[in-house]
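Please consult the sequence and the structure shown here while reading.

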Amino acid sequence: MSEWHCELCGEPAVRDTRPMEYEYKGRTITLDQPGIYCDSCGESMLYPEDLDATRVAIMDFHARIDDILGPSAVKSIRKFLNKTQKQLSDILGGGANAFSRYERGITPVPKSTSVALTLMAKHPEDVETINNHPLYSAS
Ligand SMILES: [Zn+2]
């Protein structure tokens, strides 16, 4: 006997990982989505931990369409720059938890931050200059 029952039809349901199609702005992506699936009526039930499993991939997909950096790109650039999340927040703003939220796919990366990170990745030698000097100096 299944430990899960369908919230819609009440029939036994199974925990499984199945391909699920996500659409965003007319484009689609198919991801392996864990969840509780009902084979009787086709309903799927996704719990917070199930949504956590695909959040970064979905946000990476949205980011490609919106021409901003996605969570994976932010993390790889941050690692490339050898910075902690807090160090990048100190340089680029957004609050102490900004980069944690970007990298977990909780918050989309603002376009301005995407552009700044892209430039920083292309010119890593300039990052310390930015970090150590006020943007505007009175002269
Ligand atoms: Zn059902």
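## Overall architecture

The structure is a predicted model. The chain contains six helices and four strands, and from the N terminus on its elements run β-β-β-β-α-α-α-α-α-α. The radius of gyration is 20 Å, well over the 14 Å that the globule rule gives for 139 residues, so the chain is more spread out than a compact globule.

Along its principal axes, the C-alpha trace spans about 75 × 30 × 25 Å. Of the 139 residues in the chain, 21% are buried. Among contacts with a separation of 6 or more, 48% join residues 24 or more positions apart.

In soluble globular proteins, nonpolar side chains tend to be buried together. In this model, the largest nonpolar core has 13 residues, and Ala63, Leu69, Val74, Phe99, Tyr102 and Val109 touch the most other members. Two or more residues each come from helix H1 (48-66), helix H2 (71-81), helix H4 (98-103) and helix H5 (111-122). The greatest contribution is that of H4, with three residues.

Val74 illustrates the packing within this region. Leaving aside neighbours within four places in sequence, Val74 is in contact with Leu69, Phe99, Tyr102, Glu103, Val109 and Leu117.

## Helix H2

The buried residues of H2 are Pro71, Ala73, Val74 and Arg78. Seen down the helix axis, the buried residues of H2 fall within an arc of 165 degrees, so they line one face of the helix. These buried residues pack against H1, helix H3 (85-92), H4 and H5.

The face of H2 turned away from its buried side carries the exposed residues Lys79 and Phe80. Following H2 is Asn82, whose phi is positive, near 60 degrees.

## Ser44 in strand S4

Ser44 belongs to strand S4 (residues 44-45). With 16 other C-beta atoms within 10 Å, Ser44 is partly exposed; the cut-offs are 20 or more for a buried residue and 12 or fewer for an exposed one.

Once its neighbours within four places in sequence are left aside, Ser44 is in contact with Gly35, Ile36 and Tyr37. Pro34 lies 10 residues from Ser44 along the chain, and the C-alpha atoms of the two are separated by 9.6 Å.

Note on methods: Residues numbered from 1 in each chain as written. Predicted model: local features only at pLDDT ≥ 70, side-chain atom pairs only at ≥ 80, totals over all residues. Core = buried A, V, L, I, M, F, W, Y, C linked by C-beta atoms within 7 Å. Contact = placed C-beta atoms within 7 Å. Arc of directions from axis to C-beta. Rg over C-alpha atoms; globule rule 2.2 N^0.38 Å.
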